[in-house]
Amino acid sequence: MIKQFSTNFTWGTATSSYQIEGAHCKDGKGLTIWDVFSKTQGKVANGDTGDIACDHYHLYKEDVALMAKLGVKNYRFSISWARIMPNGYGKVNEKGIAFYSDLIDTLLAHGITPWVTLYHWDLPLALQMEYDGWLNPKIADFFAEYARVCFEAFGDRVNHWITINEAWVIAILGYGQGVFAPGRISTSEPYLAGHHILLAHAKAVDIYRKAFAHQKGKIGITNNCDWREPLTDKVEDQQAAERALLFFLGWFADPIYLGDYPQVMKDRLGDRLPSFTIEEKKLLYKSSDFFGLNHYTTLYASDIPEGTPIEEISVYGNGGISEDQYVQLTADKKWSKTSMGWAVVPWGLQKLLEWIHHRYDAPDIVITENGCAYDDTINEAGDCLDKQRIFYVESYLNACHTAMQNGVQLKGYFLWSLFDNFEWASGYEKRFGMVHVNFETLKRTPKASAYWYAQVMNQNGILTSDK
Ligand code: GAL
């Protein structure tokens, strides 16, 4: 039988500009922080860069035709700010506008609805060099102005906007741990960057709602969160898991849905957490028409007594900022892992969806990314039989279905990713695509999961063996 999803459920697949486009300095595009970061020695596996990536900039017509063949009805992609405004402010690059305009027209001609992300990490380099990127409050206005240019140029055809992808990653990995561009390491800058990201989002939404209401679109922000399961049922561990979720997702969702940062962050961060003015709070409150969520994995959380020296804490990649939370993160050895080393724990997604549902008063949720990387290869017959990806996505969709039966207002699901692509610090080593890309020849080969997912989208649900 088929586990049916709700009527009008949005099925799609997702990518981002730097990860697939290539043509990094073509047709007037300005450089971005990722153009520079990827060329900084030791930052990206094998010294890979996004200079060519999937060369989607040149192959987009074929790519859209392939999507249509695979039954894709909704496509989430991002606009590279520096293609539209090479310096991030000031002059608009008409060739950049023309590229996205034609991409959008091509999608619509194939019956595919565009979901457009305005910022997926490729900040124009000039904004970093001249203004320190997200550390400068002025960036909120620069971003809002860029957003306005996009609404004006594409809003007649685009009705689904995502302002910013994964504020947590930008702030923590880019300004805390330095493993993503711009590569800064600090225990306070993440909170300043995060603050300006939220304000940039709010200002862009304000412009959209005031000046572009006639376009009748929807606009929101996408945040990422893994699930944190208490390691034991001790109160301390339950509080630790909750604290970890608030430092992860509450940081960015609370100001939008509840009006301010979580109290636990204020208490623990003191001056390092900026505060909002009353006006800013108003601007942020209810500034998302849907709850965009990216989710990949789960870890157990347990309490660490405050004062424990940080060197003694083995935390999964939380680096120098983990003392703010005093949460120990661990994986169950029995969990299988993807090639990113991320545990496959579908029930974590169900619990996270239900947590969001209860904390934020049942918002419409759209999963804007979920997926997995495996070492997929093409066999002699020319096929890529990625059974593990089918297993992963099927089990996560099952978890979504259960959450919906429990009342969660889940409205859409986008598989990450359409293509194998430039996986940030992992370069081309990690393959997330439902379509295999040979990075020597650029040949695209749909994997078994692409045909399987085509069926899911087509029948609006997953086949199960249950009666
Ligand atoms: C997300 C990100 C994507 C993709 C994915 C897999 O955090 O938005 O760009 O890289 O993770 O790691």
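## A ligand and its surroundings

The residues of the shell around the ligand divide into 6 nonpolar, 3 polar and 3 charged. Here Ala, Val, Leu, Ile, Met, Phe, Trp, Tyr, Cys and Pro count as nonpolar, Asp, Glu, Lys and Arg as charged, and the others, Gly among them, as polar. You are looking at a predicted model, in which local features need pLDDT of at least 70 and side-chain atom pairs count only at pLDDT 80 or more, while totals for chains, interfaces and linings use all residues. Residues are numbered from 1 along each chain as its sequence is written, and side-chain values use heavy atoms, with hydrogens and water left out.

Let us meet the shell. Among the residues that surround the ligand are H120, W121, N165, Y296 and W342; a residue belongs here if one of its heavy atoms lies within 4 Å of the ligand. Q19, E166 and W424 are also part of this shell, and the table gives their polar contacts with the ligand (pairs of N or O atoms within 3.5 Å).

| Side chain (N or O atom) | Ligand atom | Distance |
|---|---|---|
| Q19 | oxygen | 2.7 Å |
| E166 | oxygen | 2.5 Å |
| W424 | oxygen | 2.9 Å |

On its own the ligand has 310 Å² of accessible area, and the protein covers 94% of that; such areas come from the Shrake-Rupley method with a 1.4 Å probe.

The rings of W34 and W424 form a tilted pair, because their centres are 4.8 Å apart and their planes stand at 55°. Rings of Phe, Tyr and Trp (its six-membered ring) pair if their centres lie within 6.5 Å; planes under 30 degrees apart count as stacked, over 60 as edge-to-face and the rest as tilted. W34 lies in helix α2 (residues 33-37) and W424 in the loop between β12 (410-416) and β13 (435-437), so this pair ties together parts that are 390 residues apart in sequence. Helices (H or I, at least four residues) and strands (E, at least two) are DSSP runs, numbered from the N terminus.

The loop between β12 and β13 also holds S417, which is joined to W416 by a cis peptide bond with omega about 10°. W416 is itself one of the residues around the ligand. Another cis peptide bond runs from A181 to P182, with omega near 5°.

Definitions and conventions
Polar contact = N/O pair within 3.5 Å; in protein donor to acceptor, adjacent residues only side chain to side chain.
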